[in-house]
Amino acid sequence: MIFLVRLICQINIGGKLNKSVKLAKSFFLLIILVSYIILVLPSYSNQGATGIENTSEDGMWISGQIIWKGHDLSKAMVEVYKDPDFTEPYTGGIVLKKEGTYSLTIKDAGTYYIMVFVDDNDNKKLDTGDGVGIYGISNRENPNQKPEPIVVEEGAKLSGVDIEITGSVSESGTIKSFSNIPDVDISTGIRGKVLWPGNKLENTILFVYSDPSWSNRIAQTEVSENGEYAISVPPGRYYLLAVIDENNSNLLDVGDKFGIWGMTRFGVFPKAVEVKNGQITENRNILIIGQTGFGGKALPLTNTENLEDVSSAEGTIIVTGNVLWPGKDVKNGMVQVYGDPSMTVKVTQAKTDDKGNFRFLVSPGAYYIMAGIDRDADGKYTQGDGFGAYGVSNAAEEMPEKLVISSKSESKAISIVITAEFDSSGQLIHIPYNPEQQKIDDKLSLDSTPDDTATGISGKITWEGQQVNRVELILSDNSIFEDGTKIPLELSEEGDYVCSVPPGEYYIMAFADIDEDQEINYRDGRGFYGAGFTGEPQKVTVLEGRLTPLINIAITESLDRNGKFIPIQTPESVRFWYGKPDDIYSPEADTQRWRYWKQGIMFTFEKNDFGWNLTEVYEFDPVEDAEKPEEGEPKDVNNQNGKIFFTFDTNIWKLNDDASSEPERLGPGSQPSTTSDGKKLLFLDTTSNLYMAEMEGNLSVERILKRRDAGLQPSISGDGKAIAYVKSYDGKRRILLRNIKTEEEDELPVDLPYMYSPNWSPDGELISYAGASIYSQEKLNRDIYYYDMMANRVERVTSDDADETEPAWSPLINQRMLVYSKAEGNHYQLWFVTFDENGIPDERQLTRYGGRNPSWSPDGNKIVYENNAQLWTIRPDGTEEEPILVNDEPVFGFDPSWTK
């Protein structure tokens, strides 16, 4: 029986024989099949799983309804196969109920395919007018529709497996196709059917929306009692919501049943329907699967607590955040929170302030969040209004990411980026990143005042040898990223980005989605701001009303097949540690060998689909007299330029102050301090031993103090004869002075228990420092002092509630000028002090964008300092506040010391 039925379907539906052969074979097989039915059907109807009463609660079964308007379906035959070609029969039965409901017992877990035949005139013959249907095929003339598999797992009880009769036997014995969709005169639109097995469809309305938050309604139409609908809509993307409107409110109210196109069960997202000009998108059948309960929740029909009021759940969590729209106003914003992927009923909603900030309360659970900006404040979505979804970079086509609120959370902070905009026809269109529109170069201008730019960050995400288009930034208040705010970005071809971020301090991590599948998986990369290749992430300060520039992140790790991030070995990482190679030799087009003659090491790179990969490291005896082959490149043997020594990635580096070449790594260490002539360098090694290096001739290094004797924050006098450093003992922090030649030590005679950051004046007569009478791990309140060694007295420079530290004297002996760091909220700014003839200090703020650890240039015309883990400079009059750039890239570093 099953085999013969399959032959008829193959010949008349999917076969490739000519028409006459098809007809002849169909007629022959049809005669055999009819005979088979007459002989076997009576006995077959009494065996197998043929009705609801034959299923077992403990076993597995498939149930549903056969759909064929106006037909008695009590004699329909349901056949189950193991393959989509219907060659391996499994089981079957005859439907005994007029409405066509069926239930088949399945003894074995597996994947199955279902076919139905209907003896419409109940004459025990398969003849003209009898129907044929296959699960998953609603239109036989559509070649893209295939039989849909039914996956039966152990213990599964699958309901709602409905099968439409989409063909009938013609007078010639062939099977002709037909559609259950009504014949409505529309040229562009959607047709389909609303399905609610075993129930009447009274007061049913189909709503059409252009957004998945069900806010912008485009059209609506009534649904016939048999569930059929047809509606005319312009070309575009739409979401379909069918509502059993029991109270005729024309809304989705409490107790209303609903269905959504694309949702065959709860827990999945709606799908968009594409409508093209001059075409009717057919067979968009919608299954009624949910109902609305009290307390703002959508629930499946099978939920026994579907009308319970859940609005008073205990353990509410505060969720805060902001709506971001780079380069545009975020006034008149609304955030909508949903408790399930259908997003039909809001759990809560919150208005934003003029800066996009919002706050709402929810119970622990999973939520889906969207946001809109009503730019013209007309109370509805119109052209130019913005739309965003949590965790996605294209809200026009992507559904929001799930936000899970834990019962252990005290609060949660998130950001939602506006990534779509409504056009004149009410359609959502994606707003990709456009460097021309964002005018990055203008926004990076540091000469503009803070009020002229948006609040946020800008920069570049790079991955050597890779083109990165999609990135997800994670902003966290801790360096291990226990919790954070996700911001999806689309980069320019060069990797540039602009991103709105609320004022605050953040550690930033970038995930590069190299295959653009919106998941972090094999080959995707990550990098941390300010971490270099082996260091720790560094904090970024975002100031109100300013777009913080140069927040550049290099992708330095890649996810392997075992799900672990491993370091990426690239030419960039080698240059970072060793500088430019002495020569590059290319024996083949896809091979490069980088030689560092004086360092005695060679690196071999081979090119593959992902860029240049490090394949070999070879060490050899250094060649001391090796010359660099590049013509015209200065060797800097005589150190004619001024130099800036600094710390980064647990190493000490040297940079020419004209930024003419890349920084040179000197070796492991931190907290460098130099003499006025640059001939001596004081520093701590990685285990806090104190060393001094002679920088002229052959570099020699001498240990000054062992770890147990040394302290922190060492400072060498301008003439190189003495050092000052901070040492903790007896519960205090004191400053000690040490004569390098005699090794004699004295404590600075100051009556303060906690002292920090000593710094010598150029003539060695004054030592400035920061001091506090009380120590606090949470918030220090230090002031600036200096000790006059000639007069043996202490002078206080500052006295206020803000924390002040890291003073540095100007190198100009004939002028007493001091610069120091002063707390401003959670970050610091540089302040400048001059003294009149009576020694009275006059203070003024120097930097606008942040600064710490200042050091003067040898000529006193500039000051170098830290800003967001980068080296910046500024003039004493407050002009030219700018980063140091080498090859247009910022130099990351700390504790700078500028010398000749």
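Here is a short walk through this predicted model, from its nonpolar cores to a loop and then a sheet.

Let's begin inside. The largest nonpolar core has 44 residues, and the members that touch the most others are Ile457, Ile461, Leu473, Ile487, Tyr497 and Ile508. Strand β35 (residues 504-512) supplies the largest share of this core, 4 residues.

Next stop, Arg375, which sits in the loop between β26 (365-373) and β27 (386-389). Its relative accessibility is 43%, so Arg375 counts as partly exposed. Asp385 is 10 residues away along the chain, yet the two C-alpha atoms are separated by 5.4 Å. Asp385 is also one of the contacts of Arg375 beyond four places in sequence, along with Trp325, Lys328, Asn332 and Gly384.

Finally, have a look at an open, antiparallel sheet of 4 strands, in the order β48-β47-β46-β71. β48 (664-668) and β71 (894-899) stand at the edges with a single partner strand each, so one side of each has no neighbour in the sheet. On average, neighbouring strands here are turned by 20° against each other, ignoring direction. Strand β47 (residues 651-656) is joined to β48 by 4 bridges, and Trp653 stands opposite Arg665 in β48. Helix α5 (residues 571-578) packs on this sheet and touches β46 (643-648), β47 and β48, with its direction at about 85° to that of β47.

Conventions
Residues numbered from 1 in each chain as written. Predicted model: local features only at pLDDT ≥ 70, side-chain atom pairs only at ≥ 80, totals over all residues. Heavy atoms only, no water. Core = buried A, V, L, I, M, F, W, Y, C linked by side-chain atoms within 4.5 Å. Buried < 20%, exposed > 50% of the residue type's maximum accessible area, 1.4 Å probe, protein only. Helix = DSSP H or I, 4+ residues; strand = E, 2+ residues; numbered from the N terminus. Contact = heavy atoms within 4.5 Å. Pairing = 2+ DSSP bridges. Axes fitted to C-alpha atoms, helices over the stretch in contact; angles between N-to-C directions.
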